Amino acid sequence: MTRRACVLAGIGAWLPPGVVTNADIEARLATSDEWIRRRTGIRQRHAVQDGMAASDLAVEACARALKSAELSQVDAVVLTTSTPDRPLPATAPAVAARLGLGPVPAFDVSAVCSGFLYGLAVASGLVAAGTADRVLLVGSEVYSSIVDPLDRSTAVLFGDGAAAAVLRAGSADEPGALGPVVLGSDGDFGDLIRIPAGGSRQRAPAAPGDDYFQMAGSEVFRHAVNRMSEASRQAVAAAGWRLADVDRLAAHQANARILGALGAELGLPPCRVLSNIDAVGNTGSASVPLLLAQAAADGGVAPGHRVLLTAFGGGLAWGATTLTWPALLPC
Ligand code: UT7
């Protein structure tokens, strides 16, 4: 008997219409379009207007994913974010309510840029346990609310956006079935990506910038390549694949140079490495589903492609999994 698996049934994304180009940032910070493109591959990113929060973006992305899955109801909502509407309560219940989903379980997962991979593991667990037959998983980020507009080392990197996936119970041998999800963390390096203030350790800023996102970029870069390649190899092996079987790599979009190094490390030619970082920047936990939604729409990923998903970020935390791309309705 084939095991009860978690199967991708729909995908959708939403970007706020506001666009911040490198020229916009160049006009207010000591940076240049040339530096940003050369060191990150980013050309522009999207940003919300004042007053728009993670739940607003999530509702838009979820509506599109539900349409793609031809569903109006799910059994659980899992939301991943580093920028919740408020510290408490979780943002997912508000999203479920606004989508008219009734009293379904709804909760947030906090794993910074690896949130979507952690969310896939949670969705798989809910399905395997029989708690839910249909899970709506959404990554939604408003990084413009936590990035210091005066910090050139982070202000050029991040963008706002949301993307959602509908996952349903199915069998392991059908297209869209998730392979084993590999996850990991290393809290010894927790300070490499952090917001020092605002938690129970330090409620108020003690120094300027303490309430903003901070990152030791070049050190994070090294960990990112190592951890994503290691997790990718483990996920591919756990799925019974070889690296040569991978048709598309859908990796967290943090830096075009990381994508290049990761592809080279895994022996994947550039044409198999999906990328949209030039147009959206780093959208945190929305990054992988946003990439997949856009690739599905423009033919970058097609039914039958064997896709390797991986992400890395603050925690440190990372993850990887596999699936064969299913035939989905366009979102
Ligand atoms: O999403 C979670 C995971 N995140 C990541 O994986 C991000 C990983 N890290 C990176 O993508 C890169 O480290 C960055 C893009 C953040 C930085 O690139 P880098 O090549 O590692 O630069 P760096 O931090 O080593 O800095 C090199 C120089 C420094 O100047 P000095 O000290 O050599 O004079 C920085 O001050 O580049 C300077 N710099 C900039 N210059 C112009 C840093 N940011 C900028 C900037 N414009 N925006």
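Leu 8, Ile 11, Phe 116, Leu 120, Ala 165, Leu 167, Leu 178, Leu 292, Leu 309 and Leu 323 line the largest cavity. A cavity here is a set of points, on a 1 Å grid over the protein atoms alone, where a 1.4 Å probe fits but cannot get out, and a lining residue has an atom within 4 Å of a point. Strand E1 (4–14), helix H5 (115–128) and strand E7 (161–171) are the elements that give two or more residues to this lining. Elements are DSSP runs numbered from the N terminus: helices are H or I with at least four residues, and strands are E with at least two.

This is a predicted model, in which local features need pLDDT of at least 70 and side-chain atom pairs count only at pLDDT 80 or more, while totals for chains, interfaces and linings use all residues. Residues are numbered from 1 along each chain as its sequence is written, and side-chain values use heavy atoms, with hydrogens and water left out.

Back to the cavity: about 60 Å³ of space lies within it, and the count of cavities of 30 Å³ or more comes to 1. Volume means the space filled by probe spheres set on the points, with grid points joined across faces, edges and corners. The lining divides into 10 nonpolar residues, no polar and no charged. In this scheme Ala, Val, Leu, Ile, Met, Phe, Trp, Tyr, Cys and Pro count as nonpolar, Asp, Glu, Lys and Arg as charged, and the others, Gly among them, as polar. The largest cavity lies between domain 1 (5–170) and domain 2 (182–324), because both give residues to its lining. The domain bounds come from an automatic or database domain assignment.

Next comes the largest pocket, with a volume of about 490 Å³. A pocket is an open set of points with protein on both sides within 12 Å along at least five of seven lines. Leu 157, Met 215, Gly 217, Ser 218 and Asn 255 are the closest to its centre of the 27 residues that line it. H7 gives the most to this lining, with 6 residues. By type, the pocket lining holds 15 nonpolar, 9 polar and 3 charged residues. Domain 1 and domain 2 each supply at least three residues of the pocket lining.

Now for the ligand. It has 23 residues around it, and Thr 31, Arg 39, His 252, Asn 255 and Asn 282 come nearest; a residue is near if one of its heavy atoms lies within 4 Å.

| Side chain | Distance to an oxygen atom of the ligand |
|---|---|
| Asn 255 | 2.7 Å |
| Arg 152 | 2.9 Å |
| Arg 257 | 2.9 Å |

Taken alone, the ligand exposes 950 Å², and the protein buries 72% of that; these areas come from the Shrake-Rupley method with a 1.4 Å probe. Helix H2 (33–40), helix H6 (152–155), helix H7 (217–238), helix H8 (256–266) and strand E12 (306–313) each bring at least two residues to the shell. The largest share, 5 residues, comes from H7. The shell is made up of 11 nonpolar, 9 polar and 3 charged residues. At least three shell residues come from each of domain 1 and domain 2.

A few backbone details are worth a look. Most residues other than glycine have a negative phi, and most peptide bonds are trans. Leu 88 and Pro 89 are joined by a cis peptide bond, with omega about 0°, and Pro 89 sits in the loop between strand E4 (76–80) and helix H4 (92–98). Another cis bond runs from Gly 315 to Leu 316, with omega near -15°; Leu 316 is in the loop between E12 and strand E13 (317–324). Glu 70, not a glycine, has a positive phi of about 55° and is found in the loop between helix H3 (54–68) and E4.

Conventions. A polar contact is a pair of N or O atoms within 3.5 Å; within protein, one must be able to donate a hydrogen and the other to accept it, and residues adjacent in sequence count only if both atoms are side-chain atoms.
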